[in-house]
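Biologist: Please take me through this model feature by feature, giving the general idea before the case at hand.

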Amino acid sequence: LYLLRKEQLTELERMGEKSAENLLSAIAESKNQDFDKLLFALGIRHVGAKVARILAIEFKSIDSLRRASTEELGSIKDIGPKIAESVVSYLSLPANQDLLERLGKLGLNLTLQKAQAADAASRLYGKTIVFTGTMPNLDRASAQAMAQEAGAKVSGSVSKRTDYVVAGAEAGSKLKKAEELGVAVLDESEFLSLLRQ
């Protein structure tokens, strides 16, 4: 995809110049995705979005991650031996090393950028948050947007993978489930305090 040229696209049925330009522009823009999204997109076995974020924060570049041992990876919280072995195995294969080298030469983001590193410093980065009830000052949409800007994932349902439930007045079944599962419950002021840390 990254090697496609406009003349190749315009030869395709129903692909005019404008459509070809738009497609090439979208492909070029995808090179600016954060490092953790690239790690996730590689399709390494057992590496989901959350693990990809952790690896990006811990190692900050593909070169640094490539030098990590199975033991070093396995000692990181939420990684463990199975994921560690999978990552080391993937990065040790010559075909995958060649792919990453080619992606780097094509301009894809193989390092954690300063802006992303700053976001990653947030206490909420990589956390899964559920909002329930009515908060005294923030409306639901604003609170969710603030959480997402800090790098959190906002979910509509509570599970054992939920990190925080932010509960306001008249919180119902989601609050009850959070308490049953032992998920940390925050009020509005505690949520805002975490955002500032």
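**Reading the sheet, the cores and the loops**

Modeller: Four bridges join β1 to β3, and these two strands run parallel; helices (H or I, at least four residues) and strands (E, at least two) are DSSP runs, numbered from the N terminus, and two strands pair if DSSP finds at least two bridges between them. This is a predicted model, in which local features need pLDDT of at least 70 and side-chain atom pairs count only at pLDDT 80 or more, while totals for chains, interfaces and linings use all residues. Residues are numbered from 1 along each chain as its sequence is written, and side-chain values use heavy atoms, with hydrogens and water left out.

Biologist: In what order do the four strands of the open sheet come, and which are the edge strands?

Modeller: Strands of a sheet pair through backbone hydrogen bonds, either parallel or antiparallel. Here the order is β2-β1-β3-β4, with parallel pairing, and the edges, each paired on one side only, are β2 (153-155) and β4 (184-186). Neighbouring strands are turned by 30° against each other on average, direction ignored, where axes are lines fitted to C-alpha atoms, for helices over the stretch in contact, and angles run from 0 to 180 degrees between N-to-C directions.

Biologist: Which residues are bridge partners of V165?

Modeller: On one side V165 is the partner of V130, and in β4 its partner is V185. The strand β3 (residues 164-167) pairs with β4 over three bridges, and V166 stands opposite L186 of β4.

Biologist: Which way do the residues of β3 point?

Modeller: In a regular strand the side chains alternate between the two faces of the sheet. In β3, Y164 and V166 point one way and V165 and A167 the other, and all of them are buried; buried means under 20% relative accessible area, exposed over 50%, and partly exposed in between (1.4 Å probe, protein chains only).

Biologist: Why does T128 count as buried?

Modeller: T128, which is in strand β1 (residues 128-132), counts as buried because its relative accessible area is 13%. Beyond residues up to four places away in sequence, T128 touches K153, S155, R161, T162, D163 and Y164, contact meaning heavy atoms within 4.5 Å.

Biologist: Which helices lie across or pack on the sheet?

Modeller: Helix α10 (residues 140-149) lies across β1 and β2, running at about 170° to β1. Helix α12 (residues 188-196) packs on the sheet, where it touches β1, β3 and β4, and its direction makes about 100° with that of β4.

Biologist: Which residues touch the most other members of the largest nonpolar core?

Modeller: In soluble globular proteins, nonpolar side chains tend to be buried together. A nonpolar core is a set of buried Ala, Val, Leu, Ile, Met, Phe, Trp, Tyr and Cys residues joined through side-chain atoms within 4.5 Å; the largest has 28 residues, of which L39, L55, L65, L73, I79 and V87 touch the most other members. At least two residues each come from α3 (35-41), α4 (49-59), α5 (62-67), α7 (80-92) and α8 (94-105), and α4 gives the most, with six residues. Apart from this core lies another, of 14 residues, including A147, V166, L186 and L194.

Biologist: Against which helices do the buried residues of α4 pack?

Modeller: They pack against α3, α5, α6 (70-74) and α7; the buried residues of α4 are V51, A52, R53, I54, L55, A56 and F59.

Biologist: At what angle do α7 and α8 pack?

Modeller: Two packed helices are described by the angle between their axes and the distance between the axes. For α7 and α8 the angle is about 75° and the axes are 5 Å apart, which means that α7 is roughly perpendicular to α8 (angles under 35 degrees count as roughly parallel, over 145 as roughly antiparallel, 65 to 115 as roughly perpendicular and the rest as oblique). In this contact Y90, L91 and S92 of α7 meet P94, N96, Q97, L99 and L100 of α8.

Biologist: Where does R14 lie, and is R14 buried or exposed?

Modeller: Most residues other than glycine have a negative phi, and most peptide bonds are trans. R14 has a positive phi near 65°, lies in the loop between α1 (6-10) and α2 (17-29), and counts as exposed because its relative accessibility is 81%. H46, in the loop between α3 and α4, also has a positive phi, of about 75°, and with a relative accessible area of 37% H46 is partly exposed. K60, which follows α4, has a positive phi near 65°.
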